[in-house]
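Subject: Handing over the structure, with notes

Dear colleague,

Please find below the structure that I promised to pass on to you.

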Amino acid sequence: MKYVDEFREPEKAEAIRREIAKLCHQLEKPIKIMEVCGGHTHSIFKYGIEEILPEAIELIHGPGCPVCVMPKGRLDDAIAISQNHNVIFATFGDAMRVPGSNTTLLQARAQGADIRMVYSPLDSLQIARDNPDKQVVFFALGFETTAPSTAFTILQAAAEEIHNFSMFCNHVLVVPALKALLDNPDLQLDGFVGPGHVSMVIGTDPYEFISQQYNKPIVVSGFEPLDILQSIWMLLQQLVENRCEVENQYNRIVQKSGNTVALQAINKVFAVRDSFDWRGLGDIPYSGLQIQPEYAQFDAELKFTIPNLKVADHKACKCGEILKGVLKPWECKVFGTACTPETPIGTCMVSSEGACAAYYKYGRLSTIAKRTIAQKPKLTITQEPLPACGFSSD
Amino acid sequence: MDFSSNNQVQNPLFQKMEQVRRRQGKVRDTHITLAHGSGGKAMHDLINDIFVSNFDNPILSQLEDQASFNLASLLQQGDRLAFTTDSYVVDPLFFPGSDIGELAVNGTVNDLAVSGAKPLYLTCSVILEEGLPVEILRRVAASMKAAAKKASIQIVTGDTKVVHRGAADKLFINTAGIGIIPRGINISAHNIKPGDAVIVNGELGNHGAAILIARGELALETNIESDCQPLHSLVETILHACPQVHAMRDATRGGLATVLNEFALSSDVGIRLYEESIPVREEVNGVCEILGLDPLYLANEGKLVVVVSKENADKILSAMKSHPAGKDACIIGEVITSPPGIVLLQTVFGAERIVDMLVGDQLPRIC
């Protein structure tokens with residue numbers, strides 16, 4: 001923790017904050033910066049970073065929460081697999097509460113499905129070894145951050161010839177999502193804080209298109225408060241100097257070309273899907289991974305019959321606009337009333353890394369919220385009659 | 001042979017048999033069976049051998065269906081009865097720093113103590129899963145005995161049930177407790193006022209982190225131990241120094257954050273915490289970082305949150321520090337008028353954020 005504490009020193013944070021404030025004076029207009037990764041969103045709210053930044057900087061909380069972007073239909077598929085007789089369904093903890101069309105994995109477990117929380121995909125492989133008479137299915141999700149460990153688990157299962165193990169693969173890719181965001185005409189961003197964990201795997205080279213084709217700067221950032229502040233400062237420097245580059249603040253972890261071993265494992269085990277449906281953002285071409293035919297025996301989508309239906313997001317939910325920075329969470333009519341962490345309707349309220357959940361949990365009384373609401377008097381945290389919003393009423 | 005006559009009693013063989021029948025039975029089985037909950041001889045022996053022998057006291061040894069007390073002697077100690085119950089289902093049963101037995105005693109002792117009551121009597125009800133090694137039950141009972149002695153409380157009645165294998169997880173314990181609240185003590189979450197100080201008696205989250213590690217699912221090695229301890233003596237010290245405590249609660253499940261949110265809602269006040277003042281061990285912070293958890297929500301089993309007026313804060317703080325269970329006591333926040341019902345945290349960077357009620361369990365993040 002000593003190593004971590006060094007990135008949380010208030011004096012150093014204050015020094016960077018002052019530097020950021022100085023640079024802000026040189027800006028021609030207020031700027032919008034998107035932090036892509038849900039881990040960054042979480043840190044920003046946990047430490048109140050947004051509160052100490054100058055008014056000229058607005059943070060847009062991007063789509064980088066792997067749990068939040070899981071579409072309802074895929075959740076329904078996961079729940080359907082878990083309800084198969086003889087199946088043990090293994091999942092990371094934070095996927096347990098994500099709502100499908102009608103229910104969650106947590107509720108499915110209470111109703112009798114054998115759903116177990118694991119901390120690593122290798123734990124689910126051990127469950128398969130321990131229960132040879134059961135089919136064990138791992139709910140593989142996450143960005144490139146978690147994809148290597150699931151790939152290694154499949155390679156291990158293949159090496160050991162474990163036949164009662166498979167994965168329901170929902171891995172998604174950050175670069176196509178960024179490209180889809182950048183192609184959206186609604187989006188008005190001045191720069192990106194790039195995802196640290198994903199970049200640890202893919203490196204910084206894949207972001208070159210952002211600076212070269214879209215003329216936006218990006219700084220790959222660590223997750224500690226000083227990391228994030230320093231990344232914002234680096235972005236501002238680029239903007240002030242009229243530069244547009246991919247920079248690496250997280251160079252203690254992230255290499256330019258990424259982690260070759262991890263990338264090889266991903267490429268060996270997974271193929272890119274033609275398209276993948278993102279909650280809040282819709283279909284994004286080439287943005288998801290599926291298991292290669294060579295490892296088909298470990299593909300739960302082939303092993304089990306699943307509904308495989310596409311389920312639309314709730315009409316009242318404005319997550320798409322919030323993810324693009326067009327709206328703030330409290331500008332959604334259901335925010336904090338019908339849509340809360342207990343009863344999430346939209347993607348952004350699902351895990352604490354989502355923008356709405358972070359605002360609800362940490363910052364609904366923040367000066368940022370008050371300031372923005374004051375600027376837009378017509379927008380209030382609603383007390384109006386709410387539209388119908390049961391999960392099954394879409 | 002005439003069994004109906006007095007001959008059988010006078011016969012030396014029958015006299016010996018009768019002596020054996022009346023002899024205090026020992027549990028010779030290695031594992032709990034359904035017979036130990038059947039109400040017959042096996043259960044009788046289990047109760048005597050494991051519970052009565054460990055919890056030995058004059059009220060329990062009467063072995064009536066209830067414990068009876070002299071009201072006059074209770075009345076001499078105060079004017080109100082405090083009565084509480086709690087069930088303990090912790091997994092694993094033994095973990096660094098404590099076990100389910102000690103937890104079951106201290107948990108109920110502390111629930112009594114935070115009302116200002118002097119804890120006096122406990123009940124102990126156990127639900128045993130068929131197949132539980134008897135040796136484990138012996139260890140747990142011995143631990144309860146030691147904890148009761150440390151807390152100066154008597155376990156005066158109880159109950160034993162055995163359920164089929166799979167119907168319970170090894171061993172559950174329910175304890176209920178009775179204590180007497182001295183005259184002049186009025187501690188309630190409704191008494192909190194703006195300007196009050198919020199004090200804790202030491203590091204937070206040790207119990208929750210120790211349990212997470214002890215489950216063995218994380219492949220982490222730490223030396224974090226549960227903070228399980230009785231708090232009645234610390235409470236006595238606090239009330240001796242200053243009886244005008246506004247509110248007091250032990251921060252168990254849901255941690256500090258839950259207690260403070262309950263306080264804020266009960267008295268319709270705001271509470272502002274200072275992040276830099278909240279004591280959390282480095283190892284606990286480390287476990288939380290890895291799993292994406294917040295130590296403010298981790299369970300404790302020996303931590304007290306005390307709310308007192310600003311004027312009395314220093315007096316109470318120094319009284320707490322003089323006690324072993326409060327040596328690390330510190331002020332972590334203050335009660336404010338607005339926003340009512342909300343707990344705020346002033347971060348080390350000077351920003352403020354909400355510390356809300358926990359929604360469900362804390363679930364580890366995937367990245």
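Pro339(B) is found in a loop of chain B, between strand S11 (330-336) and strand S12 (343-346), where helices (H or I, at least four residues) and strands (E, at least two) are DSSP runs, numbered from the N terminus. The peptide bond that joins Ser338(B) and Pro339(B) is cis, with omega at about 5°. Chain B also has a cis bond from Asp91(B) to Pro92(B), with omega near 5°, and Pro92(B) lies in the loop between strand S1 (80-88) and strand S2 (94-95) of that chain. As background, most peptide bonds are trans, and most residues other than glycine have a negative phi.

Before going further, please keep in mind that this is a predicted model, in which local features need pLDDT of at least 70 and side-chain atom pairs count only at pLDDT 80 or more, while totals for chains, interfaces and linings use all residues. Residues are numbered from 1 along each chain as its sequence is written, chains are lettered from A and ligands numbered from 1 in the order in which they are written, and side-chain values use heavy atoms, with hydrogens and water left out.

Staying with chain B, helix H7 (residues 206-214) has 8 of its 9 residues buried, so this helix is largely enclosed by the rest of the structure; here buried means under 20% relative accessible area, exposed means over 50%, and partly exposed is in between (1.4 Å probe, protein chains only). Among the buried residues of H7(B) are Asn206(B), His207(B) and Ile213(B), and what the buried residues pack against is S2, helix H5 (100-113) and helix H10 (282-291) of chain B. After H7(B) comes Gly216(B), whose phi is positive, near 70°.

Helix H5 of chain B also holds Asp111(B), which counts as partly exposed at 26% relative accessibility. Leaving aside neighbours within four places in sequence, Asp111(B) is in contact (heavy atoms within 4.5 Å) with Thr84(B), Asp86(B) and Asp250(B). Asp111(B) and Thr84(B) are 27 residues apart in sequence, yet their C-alpha atoms are 6.9 Å apart in space.

Turning to chain A, you will find 17 helices and 13 strands. The radius of gyration of chain A, taken over C-alpha atoms, is 21 Å, close to the 21 Å that the globule rule (2.2 Å times the number of residues to the power 0.38) gives for 394 residues, so chain A is as compact as a globular protein of that length. Its C-alpha atoms fill a box of roughly 65 × 55 × 40 Å, taken along the principal axes, and buried residues make up 59% of the 394 residues. Among contacts in chain A between residues at least 6 apart in sequence, 78% join residues at least 24 apart.

Which residues touch the most other members of the largest nonpolar core? A nonpolar core is a set of buried Ala, Val, Leu, Ile, Met, Phe, Trp, Tyr and Cys residues joined through side-chain atoms within 4.5 Å, and in the largest one, which has 59 residues, those that touch the most other members include Phe138(A), Tyr207(A) and Trp278(A). Helix H9 (residues 174-183) of chain A gives the most to this core, with 5 residues. A second, separate core of 52 residues includes Leu23(A), Leu235(A), Ala355(A) and Cys356(A).

Glu161(A), in the loop between helix H8 (147-159) and strand S6 (165-171), is not a glycine but has a positive phi, near 55°, and is exposed, with a relative accessible area of 57%. Asn242(A) likewise has a positive phi, of about 60°, although it is not a glycine; Asn242(A) lies in the loop between helix H12 (225-240) and strand S9 (246-248) and is exposed at 71% relative accessible area. Thr146(A), in the loop between strand S5 (135-142) and H8, counts as buried at 6% relative accessibility, and its C-alpha atom is separated by 9.8 Å from that of Pro66(A), 80 residues away along the chain.

With kind regards
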